[in-house]
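Dear colleague,

Please find below the structure that I am handing over to you. My notes on it follow directly after.

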Amino acid sequence: QVQLVESGGGLVQPGGSLRLSCVASGRIHNINAMGWYRQAPGKQRELVASIGSGGTTTYVDSVKGRFTISTDNAKNAGYLQMNSLKPEDTAVYYCNADVEFWSIRSQYWGQGTQVTVSS
């Protein structure tokens, strides 16, 4: 089993910054990809950013130029640096990891962390 623990959410004013962290532990040989999703009240969960094992990143258009996804393979950790936050970024943010263990790949989710952007 693998556990993903997120941290770094909170309340921030518009224009502010937050850095989300996601640390994976358990039966892990390799993390092939990691993604950050978010779900606002009444809306579907959407993929915000993803990063592959080769470092290739993707972003939803609404966060391009403001958010940066990164990983630290030595720590089995992923990060989402969020700058110039807007009220519409308010949501529960979840990390997702594509984890490989003895050539078996599985998807895991964190518990979510609340991000609220408000003055």
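**Findings: ring contacts, strands and one serine**

The charged end of R45 is placed over the ring of W109, at 4.8 Å from its centre. R45 also lies over the face of Y94, where the distance to the ring centre is 3.8 Å. Please bear in mind that this is a predicted model.

F101 is partly exposed, as its relative accessible area is 26%. W102 has a relative accessibility of 65%, which lies over the 50% limit, and therefore counts as exposed.

Turning to the strands, β1, β3, β8 and β7 form, in that order, an open sheet of four strands with antiparallel pairing. Its edge strands are β1 (2-7) and β7 (67-72), each of which pairs on one side only. From one strand to the next, the twist averages 15°. Within this sheet, β7 pairs with β8 (residues 77-82) in the antiparallel sense over six bridges, and F67 stands opposite M82 in β8.

Strand β4 (residues 30-39) runs antiparallel to strand β9 (residues 91-101), and nine bridges join the two. Here W36 stands opposite C95 in β9. β4 is also joined to strand β5 (residues 46-52), again antiparallel, by six bridges. β4 and β5 form a hairpin with six residues between them. In the turn, G42 has a positive phi of about 80°.

The residue of β5 that I would like to describe in detail is S50. It stands opposite G35 across the pairing of β4 with β5. Is S50 buried or exposed? With a relative accessible area of 18%, S50 falls under the 20% limit and is therefore buried. Leaving aside residues up to four places away in sequence, S50 touches M34, G35, T56, T57, T58 and I69. With T58, S50 also has a polar contact between side chains, at 2.5 Å. S50 and Y79 are 29 residues apart in sequence, and their C-alpha atoms are 10 Å apart in space.

With kind regards

Technical notes: Residues are numbered from 1 along each chain as its sequence is written. This is a predicted model: local features need pLDDT of at least 70, side-chain atom pairs count only at pLDDT 80 or more; totals for chains, interfaces and linings use all residues. Side-chain values use heavy atoms; hydrogens and water are left out. Two strands pair if DSSP finds at least two bridges between them. Axes are lines fitted to C-alpha atoms, for helices over the stretch in contact, and angles run from 0 to 180 degrees between N-to-C directions. Buried means under 20% relative accessible area, exposed over 50%, partly exposed in between (1.4 Å probe, protein chains only). Contact means heavy atoms within 4.5 Å. A polar contact is a pair of N or O atoms within 3.5 Å; within protein, one must be able to donate a hydrogen and the other to accept it, and residues adjacent in sequence count only if both atoms are side-chain atoms. A charge sits over a ring if NZ of Lys or CZ of Arg is within 6 Å of the ring centre and within 35 degrees of the ring normal.
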